[in-house]
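Colleague: I have a new model open and would like to learn how to read it. Could we go through some features one by one?

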Amino acid sequence: MSNEQRNVARTTVPTRESRLNTITAYVGSGNEIAGKARGGCLLQQDRRFSQAAACAEMMPLCNSALIDGNVVIAHSPAGCSGMLILIGMVGRAGRLMRGLPEKNVQGISTNLDERDVVYGGAEELEKAILEADARYSPPAITIITSCASGIIGDDVDSIVRSLQPRVKAALIPIQCEGFRSGVVSTGYDAFLSALLGVIDPPKRKRKDTLLLINPLSISRPNEVEIERLLGELGLKAQWFPLFTDFKNVRNAAETAGVASLCSLMSNYFFKQFQEKFGVPYVDPPMPVGLEFTDWWLRQVGKMLGIEEKVEKLIESEHARVRPQIEELRSQLQGKRAYVGFNLEKSLSLQSLLTELGIETVVSTGFEYSDDYGLDRLENLNSRCGGNFTLHIGNFQHFEWAHLFNREKPDMLVGGLELGGAALRQGVPVAPVLPGTFYIGYDGAVNYGREIVKALRNTSYSRNLAQRVKLPYRASWFRQKTHKYIGRSES
Ligand code: SF4
């Protein structure tokens, strides 16, 4: 199908607040949240004071910049594309790990200013698209909308339709104005849903290939572990859409099925992909630790009718890694951890920590949805008692600080977002960074060893905490963590 034949007009995806009742503000125990969710009474609450928030535009911007060869155009003021600097570093490292030539992300901003906000930014966008096509000759150009382009009402879809015949690249508009949703992952829906428009109808089915959605935070060593496990089952992995050639995006529907390493990202895409191309999907938890990796493999096995093979694989992997997990458990038993990422990743890592004998006292998740939260949470409640604090908050540093101070954990299992906050309060970090290997059976052992290493010498966090003055009054730490969270009167 040629680019011109594609229907580039796309409806805007629903926000996660309206589609899934996703919440971004709550503090309760694991049991309390699961109980309320089961009873249908877990409602979004307001945060009367909010310190920070991430923006849903960031997801399509950063992710589409990592499709090999794609040029991303931020139709926005320059500041909205600031994350491309960080993604440039992540992208270069990710390419090297995958044996791809080192290359910067290719991005252009239309740099909307006061004049454009008054007279419209259509002309700037046209110029940017033609410039991107001429300068890079890319296979695809993603066009990311922003608050400014949304407010002034630039008709990006019709600009794209009128320009498509003049450029060689497939133009992919993505409607993701930051103000539309307080839930960052709505941006994932906008991104993957827009890619559906450039996937070709399958000419054949590759029965031995599983399409795997690869989130930004899953680095190459983790992909290699999944490839190893699928290889044992006689399957090949096709990664989609990051760090892959655009022709692999085009032929994505030729797969036997689709699964994800983080269903926070792909939840909406799976349903649309199945509807459009008849590709079956499974949406298990992130395969971290033995129990959740078993869960992930069993769902893949059921979808593809290879349950027996999967059971044999699980048995042999357990026999191989259990002694190593037991050895790590003997060193880590009784430690207390704070885990902080998006909820899917937090709960999956919590599952591994439980296997390592570590008690999770707080799990922070940036958002909660029953769709990709409840079954994992109930599993953990049954294994850990459900009395841990589950904190749902989107980049609320003051609440993290409160919880670090209240619980005084032995470590943070976290990444770039919470790491600095933990260190400033003297909490050592067992980091899960873009290069960390923690997925699957070998990942469980590797990350267990990383924790042992992180706890061996904690002087860095101790010294840092002695020299840092926190910006909070002592009275804040005497309040409840959820002081500013509540239902508004209507
Ligand atoms: S919230 Fe709006 S203005 Fe802020 S970065 Fe996101 S798109 Fe840009």
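**Reading strands and helices**

Modeller: Strands (DSSP runs of E, at least two residues) and helices (DSSP runs of H or I, at least four residues) are numbered from the N terminus. This is a predicted model, in which local features need pLDDT of at least 70 and side-chain atom pairs count only at pLDDT 80 or more, while totals for chains, interfaces and linings use all residues. Residues are numbered from 1 along each chain as its sequence is written.

Colleague: How many bridges join β7 to β8?

Modeller: Two strands pair if DSSP finds at least two bridges between them. Strand β7 (residues 206–213) and β8 are joined by five bridges and run parallel.

Colleague: In which order do the strands of that open sheet lie?

Modeller: The three strands follow the order β8-β7-β9, and their pairing is parallel. At the edges are β8 (236–240) and β9 (255–260), each of which pairs on one side only. From one strand to the next the twist averages 30°. Angles run from 0 to 180 degrees between N-to-C directions, and axes are lines fitted to C-alpha atoms, for helices over the stretch in contact.

Colleague: Which helix lies across β7 and β9?

Modeller: That is helix α12 (residues 263–277), running at about 150° to β9.

Colleague: What is the strand order in the open sheet of six strands?

Modeller: The order is β1-β12-β11-β10-β13-β14, and the pairing is mixed. Its edge strands are β1 (25–29) and β14 (429–431), each pairing on one side only. On average, neighbouring strands of this sheet are turned by 15° against each other, direction ignored. Within it, strand β10 (residues 336–341) pairs with β13 in the parallel sense over four bridges, and V339 stands opposite V413 in β13. Strand β13 (residues 411–414) is also joined to β14 by three bridges, and these two run parallel. V413 has A430 as its bridge partner in β14, while L412 stands opposite V429.

Colleague: How should I read the two faces of a strand?

Modeller: In a regular strand the side chains alternate between the two faces of the sheet. A residue counts as buried if 20 or more other C-beta atoms lie within 10 Å of its own, exposed if 12 or fewer, and partly exposed in between; the C-beta atoms are placed from the backbone. In β13, M411 and V413 on one side and L412 and G414 on the other are all buried, so both faces are covered.

Colleague: How many residues of β6 are buried?

Modeller: Five of the five residues of strand β6 (residues 170–174) are buried. A170, I172 and I174 lie on one side, with L171 and P173 on the other. Strand β5 (residues 140–144) pairs with β6 in the parallel sense over five bridges, and T142 has I172 as its bridge partner.

Colleague: Is I23, in a loop, buried or exposed?

Modeller: I23 is found in the loop between α1 (16–20) and β1. I23 is buried because 23 other C-beta atoms lie within 10 Å. Contact here means that the C-beta atoms of two residues, placed from the backbone, lie within 7 Å. Leaving aside neighbours within four places in sequence, I23 is in contact with L42, Q44, E367, Y368 and I392. I23 and V183 are 160 residues apart in sequence and 7.9 Å apart in space, C-alpha to C-alpha.

Colleague: And how are packed helices described?

Modeller: Two packed helices are described by the angle between their axes and the distance between the axes. Helix α13 (residues 289–304) and helix α14 (residues 307–332) pack at about 165°, with their axes 9 Å apart. They are therefore roughly antiparallel to each other. Angles under 35 degrees count as roughly parallel, over 145 as roughly antiparallel, 65 to 115 as roughly perpendicular and the rest as oblique. Residues making the contact include L290 and L297 of α13 and L313 and I325 of α14.

Colleague: What is the angle between α2 and α16?

Modeller: Helix α2 and helix α16 (residues 374–384) pack at about 135°, with axes 10 Å apart. They are therefore oblique to each other. Among the contact residues are I33 and A37 of α2 and L377 and L380 of α16.
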